[in-house]
Amino acid sequence: MAHILLIDDDAILKETFGALMGRLGHRLTWAGSLEAGRAALSQGRFDVVLLDLRLPDGYGLDMMPEVRAAPGTPEIIIVTAQDDPEGAALAIKSGAWDYIQKPLTPARVTLPLTRALEYRAQKAARRPRAVLKREGIIGAGPAMEACLDLVAQAADSDASVLLTGETGTGKELFARAIHANSSRATNNFVVVDCAALPETLVESVLFGHVKGAFTGADRDRDGLVTLADGGTLFLDEIGELSPAIQKTFLRVLQDGRFRPVGSKNELQSDFRLVAATNRDLPVMAAGGMFREDLLYRLRTIVITLPPLRLRTEDIRALALHYMNRLCVRYRLPTKGFSDEFFQALAAYTWPGNVRELCSTMERVLLAYRGEPVLYPKHLPDEIRIQVLNAGAAGEPDGAGRATRTAAEGQPVPPWKAYRRRALDAAEEAYLRDLLVACGGTVVRAAKVSGLSVSRLYDLFRKYNLPTRA
């Protein structure tokens with residue numbers, strides 16, 4: 001018997017859905033608002049949460065991070081209105097298992113719910129994350145747990161894996177974790193930096209060459225594909241490969257065969273491919289800059305690594321890990337930290353992600369190696385300024401503060417920060433006027449503004465503006 005949580009304000013649906021769950025042998029808990037849903041999640045453990053997008057006290061997608069972080073990490077099925085296809089798309093992009101359009105008939109509900117419970121049972125039977133080798137991967141938040149689930153899944157197969165995410169999110173660490181937990185762990189893990197491959201030598205580097213194949217080829221040399229035989233080939237920044245090499249490499253993926261430069265004979269390599277990119281390969285494929293057939297081959301399993309600004313719950317652990325490691329490297333005593341130091345780290349946006357955080361910790365350590373305890377004042381100026389500006393922008397009179405800084409002798413913020421604050425203030429004023437003109441009704445506001453309902457919900461959430469469906 002599964003425990004199902006339905007978060008929906010329709011009292012009639014509560015009765016009909018409760019009867020259906022009873023026939024299916026499941027137990028139902030009902031919550032008529034986001035607040036009631038949060039209370040239910042704090043008091044019980046659920047297998048599946050059915051979450052309506054439009055609730056009296058907010059937008060359902062806002063609650064998804066809390067649902068994923070709840071005990072047992074329940075699967076999420078989004079409930080959408082028939083006239084909200086964008087809401088369904090947002091639900092899937094936000095990590096929902098599935099979505100169901102109203103009305104919630106037994107035929108519409110039974111199969112998605114059954115499949116979600118089957119998936120949940122299969123996931124529980126997989127290798128637990130606790131036994132994964134995850135050297136260098138720090139974090140225990142919902143985003144990291146979801147990624148590690150996929151690492152365990154990838155490690156139990158030989159399928160190609162595509163790691164996506166911004167620069168500095170740790171794609172190579174995850175590639176190494178996939179290799180280290182796979183049956184190929186005792187063989188080579190070969191890294192190919194596609195962005196650094198010289199155009200004239202790329203085929204030689206990848207596939208090797210025979211003596212005399214070109215000027216300077218004084219002996220036979222194996223390529224990286226040969227070195228990866230029996231192991232894992234990691235293509236970092238695969239979006240940088242030229243179209244010609246993409247075509248050649250596609251054939252290698254299809255049958256594992258290739259020909260060294262200058263050779264008449266084909267060789268074979270049994271390697272597992274893991275690729276990584278910070279570029280949008282589907283967009284590149286649509287524009288003819290990346291082969292669609294190669295993209296299909298690459299993304300058998302896709303792991304999208306979240307940027308650091310979306311996993312602030314892990315920043316403290318990351319900072320402590322890197323600082324302790326750096327103290328050992330430089331033979332310095334372990335540092336202490338004030339709570340405000342971690343608060344400042346969490347308030348910064350980290351455009352360089354984990355790589356930038358690691359670099360920042362080293363920069364702080366070397367600049368203040370004699371300080372036993374670190375405070376926000378020890379952080380680099382650019383971080384302190386951005387945190388300060390973010391705090392000022394969050395105050396009710398933020399725009400006024402910006403115009404008075406020079407007169408009060410305070411530092412004038414950077415132009416981009418000032419411009420961002422001014423644009424935000426104008427955007428919020430427009431949204432408030434729009435809600436008043438439309439009586440708080442989002443559908444009517446969408447028609448007046450020309451924006452989609454989903455986009456308006458995002459904007460209203462950004463400024464905490466009350467709405468009505």
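Here are a few notes on a sheet and some helices in this predicted model.

1. First, some ground rules. Residues count from 1 along each chain as its sequence is written, and side-chain values use heavy atoms, leaving out hydrogens and water. Because the model is predicted, local features need pLDDT of at least 70 and side-chain atom pairs count only at pLDDT 80 or more, while totals for chains, interfaces and linings use all residues.

2. Have a look at the open sheet: its five strands run in the order β9-β10-β13-β8-β14, with parallel pairing. (Strands are DSSP runs of E, at least two residues, and helices are runs of H or I, at least four, numbered from the N terminus; two strands pair if DSSP finds at least two bridges between them.) At the edges sit β9 (189-193) and β14 (301-304), each pairing on one side only. From one strand to the next, the twist averages 20°.

3. Now zoom in on β8 (residues 161-164), which pairs with β14 in the parallel sense over four bridges. Here T164 stands opposite T304 in β14.

4. Helix α6 (residues 142-155) packs on this sheet and touches β8, β13 (272-277) and β14; contact means heavy atoms within 4.5 Å. The direction of α6 makes about 155° with that of β14 (angles run from 0 to 180 degrees between N-to-C directions, with axes fitted to C-alpha atoms, for helices over the stretch in contact).

5. Elsewhere, the axes of α19 (residues 442-449) and α20 (residues 453-462) come within 9 Å and cross at roughly 105°. That makes α19 roughly perpendicular to α20, a label for 65 to 115 degrees. Among the residues in contact are V442 and A446 of α19 and L456 and F460 of α20.

How values were computed
Angles under 35 degrees count as roughly parallel, over 145 as roughly antiparallel, 65 to 115 as roughly perpendicular and the rest as oblique.
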